[in-house]
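Reader: Could you walk me through reading this structure, one feature at a time?

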There are 2 protein chains.
Amino acid sequence: MLPILHLNGYKIANPTILSRISQEELISLFRGYGYTPYIVAGEDPAQVHQQMAAVLEDCVTQIRQIQMHARQTGIAERPRWPMIVLRTPKGWTGPKSVDGHKVEGFWRSHQVPMGEMHSNPEHVRLLVEWLRGYRPEELFDQNGRLIPELKELAPKGARRMSANPIANGGLVRKELNLPDFREYAVAVDIPGTVEVENTKVMGFFLRDIMAQNPTNFRLFGPDETASNRLNPVYAVTKKAWMADFLPEDLDGSELSRDGRVMEMLSEHTLEGWLEGYLLTGRHGLFHTYEAFAHVIDSMFNQHAKWLDICRHHVPWRAPVSSLNILLSSVVWRQDHNGFSHQDPGFIDLVTNKSAEVTRVYLPPDANCLLSVADHCFRSTGYVNVIVADKQNHLQYLTMDEAVVHCTKGIGIWEWASNDDCGSEPDEPDVVMACCGDIPTMESLAATAILRQEFPWLKVRFINVVDLFKLQPESEHPHGLSDRDFNSLFTPDKPVIFNFHGYPWLIHKLTYRRTNQERIHVRGYKEEGNINTPLQLAIENQIDRFNLVIDAIDRVPKLGSAAAYVKERMKNQIIESLNYAYTHGIDRPEFTEWKWPFDRSC
Amino acid sequence: MLPILHLNGYKIANPTILSRISQEELISLFRGYGYTPYIVAGEDPAQVHQQMAAVLEDCVTQIRQIQMHARQTGIAERPRWPMIVLRTPKGWTGPKSVDGHKVEGFWRSHQVPMGEMHSNPEHVRLLVEWLRGYRPEELFDQNGRLIPELKELAPKGARRMSANPIANGGLVRKELNLPDFREYAVAVDIPGTVEVENTKVMGFFLRDIMAQNPTNFRLFGPDETASNRLNPVYAVTKKAWMADFLPEDLDGSELSRDGRVMEMLSEHTLEGWLEGYLLTGRHGLFHTYEAFAHVIDSMFNQHAKWLDICRHHVPWRAPVSSLNILLSSVVWRQDHNGFSHQDPGFIDLVTNKSAEVTRVYLPPDANCLLSVADHCFRSTGYVNVIVADKQNHLQYLTMDEAVVHCTKGIGIWEWASNDDCGSEPDEPDVVMACCGDIPTMESLAATAILRQEFPWLKVRFINVVDLFKLQPESEHPHGLSDRDFNSLFTPDKPVIFNFHGYPWLIHKLTYRRTNQERIHVRGYKEEGNINTPLQLAIENQIDRFNLVIDAIDRVPKLGSAAAYVKERMKNQIIESLNYAYTHGIDRPEFTEWKWPFDRSC
């Protein structure tokens with residue numbers, strides 16, 4: 001890589017800063033960035049051409065020497081790579097001035113300096129004079145065809161910039177050699193009784209992916225690989241580090257010159273690196289604290305637009321691996337960091353972009369996360385966003401169940417439901433729906449309370465992994481048909497939907513569904529502080545107790561007879577908040593809660 | 001300002017880059033940034049303290065000399081300001097190591113190195129030893145009170161960091177001296193017949209604000225002040241520029257050492273500058289191309305969260321001026337730039353944050369923009385987002401009408417409606433609603449077609465300026481009551497809503513409204529290219545012809561008898577697209593369209 005800064009001095013309406021500081025400062029800056037800068041400067045094309053050729057030759061020779069030295073000695077140290085600052089006028093060789101205003105070598109050449117072609121003969125004269133400067137009579141024959149000697153100069157085949165496979169990375173892309181994700185499965189005998197750190201399990205899967213694809217996969221994260229529990233990868237590769245080493249780095253810093261884990265506390269840089277890496281035909285994963293994914297909103301937007309255009313309008317471009325984004329350290333478990341770290345809105349942005357290129361998954365447990373991750377790593381041409389927390393969470397599905405559930409993307413959990421238990425098929429009285437790991441636990445706990453308090457109540461439990469299942473099939477390729485939606489959610493029964501993100505996102509996705517007003521959604525509503533998990537859930541009303549109250553308020557059968565249960569729920573809320581306030585942690589009934597039923601009705 | 005880089009060497013789990021490059025590179029970097037760096041480094045607190053005191057004294061003296069020289073000579077040139085790199089160990093004076101692992105001077109001290117207070121006596125011992133190192137017996141008396149000699153050292157009154165008015169800028173905030181915005185009014189005799197560049201008119205208002213508040217207001221924009229038509233401000237102040245000048249800068253570059261227009265092609269930097277400026281008690285406006293507002297999503301999020309916390313939990317903090325954001329060069333007029341410049345989703349983000357601190361305005365014309373801007377410049381404690389395009393647009397309301405309309409935030413435009421024309425009050429057959437300058441024109445044009453083709457059809461025309469009027473009053477302080485909403489939109493008539501942004505945002509805001517399924521929304525749906533304005537509108541179906549078809553499809557009275565009109569609309573769409581494709585511009589019927597009725601029924 002040989003960086004060239006084309007310092008032409010101007011932007012659309014201003015000088016650039018680097019062109020208006022002293023040469024000494026400019027050189028200092030690039031030395032400070034670790035380069036050896038070379039300046040190529042001039043206004044005479046013929047001279048600058050020769051000068052540039054000579055400097056390029058020098059730089060390439062230097063790069064080769066650095067490489068040779070490292071290969072011969074086996075010592076890989078950070079060299080001072082060369083870089084070039086090319087100082088030529090903006091709008092070089094164009095008209096020097098137009099209408100008495102400087103154009104060449106000035107910001108005005110960024111604009112449309114001769115814009116009056118219909119009405120101003122002087123502008124036409126300038127255009128003709130400028131184009132004549134290229135001496136077309138020497139370049140084309142009488143029929144206007146490029147002369148053969150020039151045509152011959154152009155490179156052929158894959159040497160043409162437009163046909164170079166390096167610039168069309170999908171052509172050289174190799175599938176990942178993926179281990180079987182089922183081998184990392186968490187054993188689940190009775191649902192909702194075992195706890196595991198979900199992303200840690202994914203860390204072991206990633207470890208083996210990186211071992212089996214040692215030149216083809218990189219992991220990108222802002223100083224959070226260990227925090228997000230993906231540190232099992234360090235068993236096979238370290239964090240890339242080219243600056244100085246100290247002896248103490250050997251004790252846990254996990255740094256190495258050839259590490260394939262890219263850590264830098266700059267989400268922009270990481271996202272840019274990953275995009276570039278994918279464009280070369282390779283694979284990767286970007287992970288970040290959920291709230292700070294907004295730092296890359298604009299970059300995500302542009303990549304999604306680019307994917308959409310490639311898919312629909314650029315048939316020659318071969319698909320590249322999907323941009324895989326894992327959002328962890330989620331809104332609901334920011335006990336130490338608080339309000340500033342609570343923002344589940346990145347997926348709102350994602351749902352604004354083309355349905356053809358966007359996918360959002362919220363796996364409820366580790367086995368689902370494995371199944372979803374495997375699917376994402378095999379795909380091309382998408383932005384896949386996976387939301388999964390790093391803390392200990394209850395596990396619900398066996399690996400076989402997880403594969404089926406994630407393949408459907410949405411489904412009834414029979415073991416949590418009781419509306420299919422009688423000898424005759426029955427309609428549910430209420431549908432308890434959920435999406436996201438933490439809301440799923442709260443929804444299950446609410447379902448357990450409802451079933452214990454009202455054993456005659458028919459409850460259906462639905463979990464959503466693939467968010468876009470909620471949209472109609474006309475709007476997203478993953479969308480459920482209205483028939484499927486209505487047979488899952490019924491056309492008219494109350495739905496108490498507990499959501500990981502902002503609640504209105506569910507309304508945005510379901511507003512076309514039958515009787516959408518009976519879908520009652522809970523989610524994050526910007527109520528947060530340095531709270532215990534249950535406090536935070538209660539503040540935003542996604543907790544088990546508020547969900548039970550929501551069901552009582554909406555199920556006609558649970559009229560005023562349910563008043564006692566509602567009172568008990570309110571008492572529980574008050575007692576939980578008081579306990580958390582006093583002790584700084586949640587009550588053991590919450591932290592040790594398990595699903596109280598077995599798999600049968 | 002004396003910047004101090006505390007280079008303690010580590011982040012949460014990694015060394016920092018600047019601590020692991022050579023001193024020469026480090027010094028070069030800060031020289032390249034334009035500073036004279038001074039290094040203060042050491043591990044012995046007593047020595048570093050003396051060294052730091054001496055260097056601080058030097059730096060302050062240097063700063064004073066630079067200032068004195070500039071004031072005496074009257075020559076303001078960019079000096080090499082001093083800055084300090086302070087290199088001390090991370091976790092300085094804490095335990096050197098814990099459990100055999102290095103802690104002081106290592107990343108481990110970022111974490112919780114002695115976390116086992118309940119179970120590990122060695123951790124307790126280390127903690128006690130560390131705290132004893134501060135020699136509490138010399139600091140406190142027998143009752144645990146700070147000894148008087150030390151208490152005496154603390155600064156008093158406003159010299160206390162917590163009570164310094166400079167750190168609580170609202171205390172020193174002065175109201176802007178605002179000119180009367182009505183004086184910049186565009187004359188509107190017949191609505192929809194005169195064209196004006198909306199933001200240009202605001203530019204004249206801004207010019208006089210900056211003239212009347214020469215030390216209290218700054219304008220921030222990424223190299224787009226002229227592009228966004230706010231360049232009238234250059235008559236009173238220029239762009240701040242501290243680097244070198246060239247003679248040609250005098251011809252249109254609008255640069256000066258003391259300019260109060262802050263231009264830099266970095267939305268982050270601008271947003272940060274403006275936030276900092278507001279926190280000192282001053283005022284400002286940040287403007288940007290609409291699509292690139294996403295660059296500051298994360299910064300907006302944090303500022304909105306901060307405002308929310310201040311409002312509800314920090315009673316001593318005095319309100320600062322609102323963060324005013326103008327989004328111009330909007331999605332619908334990106335004829336030259338295309339798909340990458342089309343993204344109206346910043347306001348989606350804004351609607352996720354606390355209703356207490358967020359406001360979104362989409363003024364349909366220049367007089368409304370003036371009224372809205374004046375309101376925003378007087379407010380404190382909000383993020384105000386104004387969406388207004390820079391191109392020529394039709395003008396609809398006189399200044400008096402605009403003030404009333406913007407104060408209500410939403411209203412019926414009687415001159416465009418015909419459902420109140422009979423002698424008896426009548427229900428409308430259809431409500432044509434709109435929000436945003438360009439959608440308003442298309443909605444009006446559709447209304448004109450409907451009224452011309454079906455003179456017996458009762459059409460009500462509603463324009464929304466204040467987006468949050470659409471939410472229920474329970475959700476946002478600006479929200480309309482259901483009674484007001486239903487009397488405007490009727491409880492059951494079809495609403496054809498033409499929106500500036502993503503259509504589902506309107507569903508997100510209105511999903512609780514009566515019979516929300518009859519609200520049919522058009523907006524941007526990621527269909528775009530380098531299109532003419534009408535092409536782009538048609539691709540996204542916000543154009544007049546598609547709106548007429550929408551009305552025909554939804555108004556029962558306009559059954560199959562309207563088939564001929566529907567055919568004509570389809571013909572118009574095809575002819576418009578063909579013309580734009582052939583000529584690269586829109587048909588004159590579109591570009592020269594004017595509202596065809598006068599003010600009476």
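Reader: How many salt bridges are there between chain A and chain B?

Author: Happy to start there! A salt bridge here is a side-chain nitrogen of Lys or Arg within 4 Å of a carboxyl oxygen of Asp or Glu. By that rule, the count between chain A and chain B is 18. One of the salt bridges joins Glu25(B) to Arg78(A), with the closest N and O atoms 2.6 Å apart.

Before we go on, the ground rules: this is a predicted model, where local features need pLDDT of at least 70 and side-chain atom pairs count only at pLDDT 80 or more, while totals for chains, interfaces and linings use all residues. Residues are numbered from 1 along each chain as its sequence is written, chains are lettered from A and ligands numbered from 1 in the order in which they are written, and side-chain values use heavy atoms, with hydrogens and water left out.

Reader: How many residues of each chain are in contact?

Author: Contact means heavy atoms within 4.5 Å. With that cut-off, 72 residues of chain A touch 72 residues of chain B. Buried area is the accessible area (1.4 Å probe) that two parts lose on being put together, summed over both. For this pair it comes to about 6300 Å², 50% of it on carbon and sulfur atoms.

Reader: Which residues of helix α11 of chain B are buried?

Author: Helices (H or I, at least four residues) and strands (E, at least two) are DSSP runs, numbered from the N terminus. Buried means under 20% relative accessible area, exposed over 50%, and partly exposed in between (1.4 Å probe, protein chains only). An α-helix has 3.6 residues a turn, so residues three or four places apart point the same way. In α11(B), residues 399-408, the buried ones are Met399(B), Ala402(B), Val403(B), His405(B) and Cys406(B). They pack against α10, β16 and β18 of chain B. Just after α11(B), Gly409(B) has a positive phi of about 85°.

Reader: Where does Gly422(A) lie?

Author: Gly422(A) sits in the loop between β16 and β17 of chain A. With a relative accessible area of 40%, Gly422(A) is partly exposed.
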